[in-house]
Structure formats: structure tokens, C-alpha cells
Amino acid sequence: MMAATSFHQAIGTIQYSGCFRNSNLNQVNWNYSFQLISSGFKLDIALLRTGTYCSGKRSFSNIQASTSQSTVFDPVSSPSNGTKSDSKKKPSEAALILIRHGESMWNEKNLFTGCVDVPLTKKGVEEAIEAGKRISNIPIDMIYTSALIRAQMTAMLAMTEHRRKKVPIILHDESEQARAWSQIFSEDTNKQCIPVITAWQLNERMYGELQGLNKQETAERFGKEKVHEWRRSYDIPPPNGESLEMCAQRAVAYFKEQIEPQLQCGKNVMIAAHGNSLRSIIMYLDKLTSQEVISLELSTGIPMLYILKEGQFIRRGSPVAPTEASVYAYTKRLAQYRQRLDEMLQS
């Protein structure tokens with residue numbers, strides 16, 4: 001959708017910046033601006049999604065029009081002195097937070113859930129809130145969730161505890177009308193929002209004909225060994241379902257194509273997803289073998305922290321509580337972020 005805007009006086013500067021990667025995987029940062037001063041000048045601009053994005057193919061940020069030369073600046077997320085020279089430096093590191101959703105209503109009933117869209121229980125809600133407390137001092141610029149409500153609820157509830165108090169906003173790309181109707185037209189509001197991108201590729205493993213069946217009854221019907229093989233083998237799927245290998249193919253491909261470039265551009269990312277899709281991503285991050293990943297267990301509602309630094313993912317474990325200093329002292333950048341956050345909230 002295009003928006004035609006007429007200008008009858010000097011209105012200042014439009015700035016457009018971002019980053020992309022060429023075929024040699026070299027990061028290219030760019031920034032340009034131009035001034036609109038002509039009387040009666042008419043400009044057609046695309047209505048872009050809020051926030052800043054970059055992928056292996058392209059990246060863009062929302063166009064910022066103002067009556068001054070200044071750019072939007074976040075005193076917490078940005079470098080401490082906020083100079084232009086700092087903003088052009090290659091990002092030294094980025095944080096990646098992984099959270100398995102809280103307990104769902106079918107988890108509680110011991111049913112195979114898979115891709116059935118089931119909400120959280122009260123316990124699951126509490127787990128999501130507790131997860132939010134654990135990451136409340138870690139910077140988050142973008143959020144990715146699966147297309148399933150239990151992962152989305154977990155992400156949204158966790159963000160209610162973040163001390164930065166930015167609002168997570170789900171981006172709607174399902175149609176041109178959805179994109180147009182969900183536009184935000186306040187620059188100040190945009191600055192206080194975090195884009196949330198939903199992707200079916202991050203969905204739980206599809207359990208086929210097991211979905212909705214009781215796990216205990218299924219073991220009694222087919223035998224414990226067969227059900228264990230369906231659940232814990234790497235390449236054997238349940239009837240008409242996905243194996244972990246099949247789940248990994250879509251989840252890791254999406255991570256590498258859509259999420260990893262954001263981290264390489266310096267964005268701090270949270271992913272709220274599911275046991276098997278997250279196991280798949282961890283297999284890629286930690287370079288696990290197919291035998292190692294099948295024994296990996298992830299607890300519901302417990303965040304895991306990784307740091308991308310110099311092209312390598314470094315696991316930093318799980319924050320125990322928002323007051324645990326050692327978690328945030330793992331890197332100088334996280335410690336500085338927390339210090340600036342403390343100063344901002346105390347002022």
C-alpha cells in the first residue's frame with residue numbers, strides 16, 4: 001500500500017538506514033538521507049513495518065521524518081555516548097534468548113499436542129511470567145515466536161516483566177489489508193515497541209496421528225518401546241507425523257535465513273517456541289550430533305541465554321533471577337546495558 005503525502009514547506013530530513021549481506025556474506029551497513037524543501041512537493045512512500053529488520057536478502061527500517069537532523073536514539077540500547085562513529089561500528093555481540101513455552105492445557109492432561117493450538121494453563125502463565133523476570137535486564141530488540149498461541153502467550157507474558165517496558169507488537173503480514181490496518185503512525189510510540197514475528201517454521205514437531213492421544217494410553221496400546229522410538233529417535237516419525245530431523249530441517253533453515261542475520265546486525269533476539277523446534281536450533285548453535293540432541297531436555301518456561309560474538313554462539317546458561325549479577329557480567333556489553341537501565345529507571 002502506498003501513501004501519498006504533500007509537503008508545502010520545508011519539513012526536514014527523511015533518513016533510511018539498514019544492513020544487508022552480499023553473496024560473500026559480507027555485512028554492508030548503509031545510511032542516507034535527503035531533505036525535502038520544495039513547495040508543493042509530493043512524495044509517495046511505502047508504508048513499512050515498524051522496527052528495523054535485516055535478512056540474508058535485504059533489510060530496511062521504518063522511514064523517520066522529522067523537523068530536525070537528529071535520529072531516533074535509545075539511551076539504553078545504544079552505545080553509551082551515542083555518537084555517529086559508534087553507531088557505524090560493526091556490532092561486537094548480540095544476545096539470543098530461547099524460551100520453551102510454559103505448561104499448556106494438553107501438557108497438563110498428558111496428551112500429545114504437536115501442532116494443535118492449545119493455550120497455557122495457569123501454571124504455564126506463571127512460568128512465562130517467571131521467565132520474564134529472569135530476562136528482565138537483558139536487551140531485546142526483536143521477538144520471534146511460532147504460530148501457536150502457547151508460544152505467543154509465553155513471549156507476551158514474559159515481556160510484561162521486562163524493566164525496559166517496551167510493548168511487544170505482533171506484526172501482521174497475512175494480507176495487504178492486515179499490514180495497512182496495523183500500521184503505527186506515532187514515531188514516539190514506535191520507539192517504545194518491539195516487533196514480534198510469528199512463523200510456522202518454529203512450530204512444535206507435528207505428531208501426526210498421535211495428536212490428542214493420551215501418552216500413557218498410547219504406550220499401553222503400541223508398546224513403550226515403540227512410543228519411545230517415535231518420541232526420542234532422531235529420524236523415525238510417528239504415523240503421518242514429523243521426526244525430529246524433519247522438524248529440524250524447517251526450524252534451522254528459518255533460523256539461518258531469518259533470525260541469524262538479525263543477530264549478525266547487532267539485534268538482540270528472543271525466541272519463544274517449543275521443545276523440538278528449540279532442540280533443533282540448539283543442535284545447530286552447539287553443533288550437537290543427532291545422538292546428542294535426542295537426549296537434550298528443555299524445561300518449560302526456563303530461558304537460555306546465548307551470546308553471538310565474532311561469529312560464534314556462546315552458551316551462557318539460564319538466568320536464575322533478575323538480581324543475579326554473574327549472569328549479566330558474562331559480557332561487558334550486558335553489564336553496561338543493565339547499568340544504563342538502572343540509571344534510567346532511577347532518574
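This is a predicted model: local features need pLDDT of at least 70, side-chain atom pairs count only at pLDDT 80 or more; totals for chains, interfaces and linings use all residues.
## Location of His101

Leaving aside neighbours within four places in sequence, His101 is in contact with Asn107, Leu120, Arg150, Ala151, Thr154, Ala273, His274, Thr300 and Gly301. With one of these, Arg150, the side chain of His101 makes a polar contact of 3.3 Å.

## The annotated active site

An unreviewed UniProt entry lists His101 and Glu204 under "active site".

Glu204 is in the loop between strand S11 (193-198) and helix H7 (215-222). Is Glu204 buried or exposed? Its relative accessibility is 8%, so Glu204 counts as buried. Beyond neighbours within four places in sequence, the contacts of Glu204 include Gly114, Cys115, Leu148, Glu242 and Arg250. Glu204 also touches Gly275, Asn276 and Ser277. Arg150 and His274 are in contact with Glu204, and both are in contact with His101 as well.

## Aromatic pairs

How many aromatic pairs does the structure hold? There are five. One of them joins Phe222 and Trp230 in an edge-to-face arrangement, with 5.3 Å from centre to centre and 70° between the planes. Phe222 is partly exposed at 36% relative accessibility, whereas Trp230 is buried at 8%.

Phe255 and Tyr284 also pair: their ring centres are 5.9 Å apart and their planes are at 65°, so this pair is edge-to-face. It links distant parts of the chain, since Phe255 belongs to helix H9 (residues 244-264) and Tyr284 to helix H10 (residues 275-285), 29 residues apart. Phe255 has a relative accessible area of 0% and is buried. Tyr284 is partly exposed, with a relative accessible area of 28%.

## Cluster and charge over a ring

Which residues form one aromatic cluster? The members are Phe255, Tyr284 and Phe313.

Elsewhere, a charged residue is placed over an aromatic ring: Lys215 lies over the face of Phe112, at 5.7 Å from the ring centre.

Terms used:
Residues are numbered from 1 along each chain as its sequence is written. Side-chain values use heavy atoms; hydrogens and water are left out. UniProt positions are given in the numbering used here, feature names are shortened, and annotations may be inferred rather than shown by experiment. Contact means heavy atoms within 4.5 Å. A polar contact is a pair of N or O atoms within 3.5 Å; within protein, one must be able to donate a hydrogen and the other to accept it, and residues adjacent in sequence count only if both atoms are side-chain atoms. Helices (H or I, at least four residues) and strands (E, at least two) are DSSP runs, numbered from the N terminus. Buried means under 20% relative accessible area, exposed over 50%, partly exposed in between (1.4 Å probe, protein chains only). Rings of Phe, Tyr and Trp (its six-membered ring) pair if their centres lie within 6.5 Å; planes under 30 degrees apart count as stacked, over 60 as edge-to-face and the rest as tilted. A charge sits over a ring if NZ of Lys or CZ of Arg is within 6 Å of the ring centre and within 35 degrees of the ring normal.
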